[in-house]
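Please look over the sequence and the structure below. A short report on selected features follows.

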Amino acid sequence: MNRYLPIRKVYAREVLDSRGNPTVETEVTVGEGIVGKDGYTGKAIIPSGASTGKYEALELRDKDKRYFGRGVLKAVENINDKLSESVLGENVLNQRHIDTLLKQEDGTENKEKVGANAILGVSLAAADAAAKALRVPLYQYLGGCQAHDMPVPMMNILNGGKHAENTIDFQEFMIMPVGACCFREGLRMCVEIYHKLKEILQSEGLSVAVGDEGGFAPDLKGAEEALEYMVRAVKEAGFLPGKEISFALDIAASELYENGMYYFPGQSIMQNKRIIKSAEEMISYYEELLEKFPIVSIEDGLCEEDWEGWVKMTKRLGHKVQLVGDDLFVTNTKRLQKGIEMRAGNAILIKVNQIGSLSEAMEAVNMAHKAGYAAIVSHRSGESEDTFIADLAVAMGTGQIKTGAPCRGERTAKYNRLLEIEDELGQEARYRNPFIKNNS
C-alpha cells in the first residue's frame, strides 16, 4: 500500500448549520490526481456553539451586513488561500504534522488570525480523505484495531438555558441507557422514552416544541419538576430509573454566573422572586438532586472561572457522580492539566471546534484517560449532517457521546452512523456501562 498520499487540493465554501447560520464546509482531495479515479476527497462541516466557553479557540466571523455579521467568507478565503498553500503536497497520513502546519500558518494561541473554524475544517477533512484513500472506516483509521467500543448516548430530552426559550435554567436534561445490551437497544430505549415524554407533556397541555438540540422545551418550575417528568416518562415507557436508565445534567453554570453568585432567571419568573445561589449552595443543591434522582453525570456545575468552587464540588461530589468540565476545560490540554493537578472535576467534554484541530482534541482525550478522567465526545447546538464525531467517539473509546435528541436530522445523522458502525463491527462491538469499573 502506498504510504505517501499527497494533498492535491483544498477547497472551502460557506454553508448553513442547523440554526440557519453560516458555517464552513471544507474538501480535501488526495492521491495521484486531483479528481477522478486516482483522487479521494474528504469533507467536513464545522459546528458552532450557542453556550460557548470563554477560553474556546476563536470562531472567525465576518461581522459585516451579510447574515447579520455571522458570515464566514473570511474563514473560507483563509482556507482557499493561506491554509491550502501550507498543506499542498503534504502526506495526508501524517495528521499531527498537517495540524502543526495549519497552526503555524495562524501563529496565535487561540487561532484568531485565520480562525479555528478554518483550521479545523482542513484538519477534519484531511482525516476523512485519508480514511477514504486507505478504504477503511474513519473510526478504524483514527483508532486502529482497538476501535470497537460503542458509546453510551447521553440523549437530550429536555432543553433549557440558551438552547431554549423557556423557564428552565439548566441547559440539558439527558437520559443514558446504561442497562442496555448494545447501542442499538440503548438507542431504542431512549427513543421510546422520548416519545413517551412527549405524550405526557401533551396530555398536560405543555409545549412539545423543541430546543436547539431537539429536546422538548416546556415552561417548568425548575430542575426538580423536569427530573420528575423524566422519571415518569422512563417508568411509563417500561424501564427502571437508576437500573436501566440513568440521568445526566448540563447546568451550563457560566451562563448563570453573575457577580460571584448564580442567578436563576427562569425559576425567578416562575416563583415571582429573585433566585440566587452561592457556589456552596449550588453544591448543596446538587447533593439534594442526587438523593432524589438517578443522576450519574453533572456537566459545568459551576462557572468556568470558579476553580476553587470546582475543587470543593469535586471533593464533596466526585465520588458520587461524574463531574464534567466543558466551559472549564474547553478541550484544551493546558486547562485540563490544571484541573488534574487541582483535582477539579473528573471528566472532560470533547468538542473539536473548541480547540480547533483533530490532533489537539485527541491529545485531550489521551491526557484525560491517562489521569483517570472520563472523556465524552460532544456535538454543538449549531450542528450539521456531518457525522465525524460518531466515528471519533468509537475511535477514541470514550464510551460516552452527547449528540442530542432523536429529533432533527443533524442529531439523528450521528445516531444512524453509530448504528452503521455497530453493524460493521458485528460481534466485535462492545457496549458497556461507563459507571461500572471493569465491566464487559
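A charge sits over a ring if NZ of Lys or CZ of Arg is within 6 Å of the ring centre and within 35 degrees of the ring normal. The model shown here is predicted.

**Charges over rings**

Two such contacts are listed in the table. Arg-274 lies over the face of Tyr-263. The charged end of Lys-277 sits over the ring of Tyr-285.

| Charged residue | Ring | Distance to ring centre |
|---|---|---|
| Arg-274 | Tyr-263 | 4.2 Å |
| Lys-277 | Tyr-285 | 4.8 Å |

Tyr-285 also belongs to a cluster of rings.

**Aromatic pairs**

How many aromatic pairs does the count come to? The count comes to eight. One of them is formed by Tyr-194 and Phe-216. This pair is stacked. The ring centres are 4.5 Å apart, and the planes are at 15° to each other.

Strand β5 covers residues 152-159. Eight of its eight residues are buried, so the strand is largely enclosed by the rest of the structure.

Which strands are joined to β5 by bridges? One is β15 (residues 400-402). Three bridges join β5 to β15, and the two run parallel. Here Pro-153 has Ile-401 of β15 as its bridge partner. Another is β6 (residues 172-176). Four bridges join β5 to β6, and these two run antiparallel. Asn-156 is partnered there by Met-174 of β6.

**Helix α13**

Helix α13 spans residues 388-396. The helix is mostly covered, with nine of its nine residues buried. Among them are Phe-388, Asp-391 and Met-396. Just after α13 comes Gly-397, which takes a positive phi of about 60°.

Notes:
Residues numbered from 1 in each chain as written. Predicted model: local features only at pLDDT ≥ 70, side-chain atom pairs only at ≥ 80, totals over all residues. Heavy atoms only, no water. Buried < 20%, exposed > 50% of the residue type's maximum accessible area, 1.4 Å probe, protein only. Pairing = 2+ DSSP bridges. Phe/Tyr/Trp six-rings, centres within 6.5 Å; stacked < 30°, edge-to-face > 60°.
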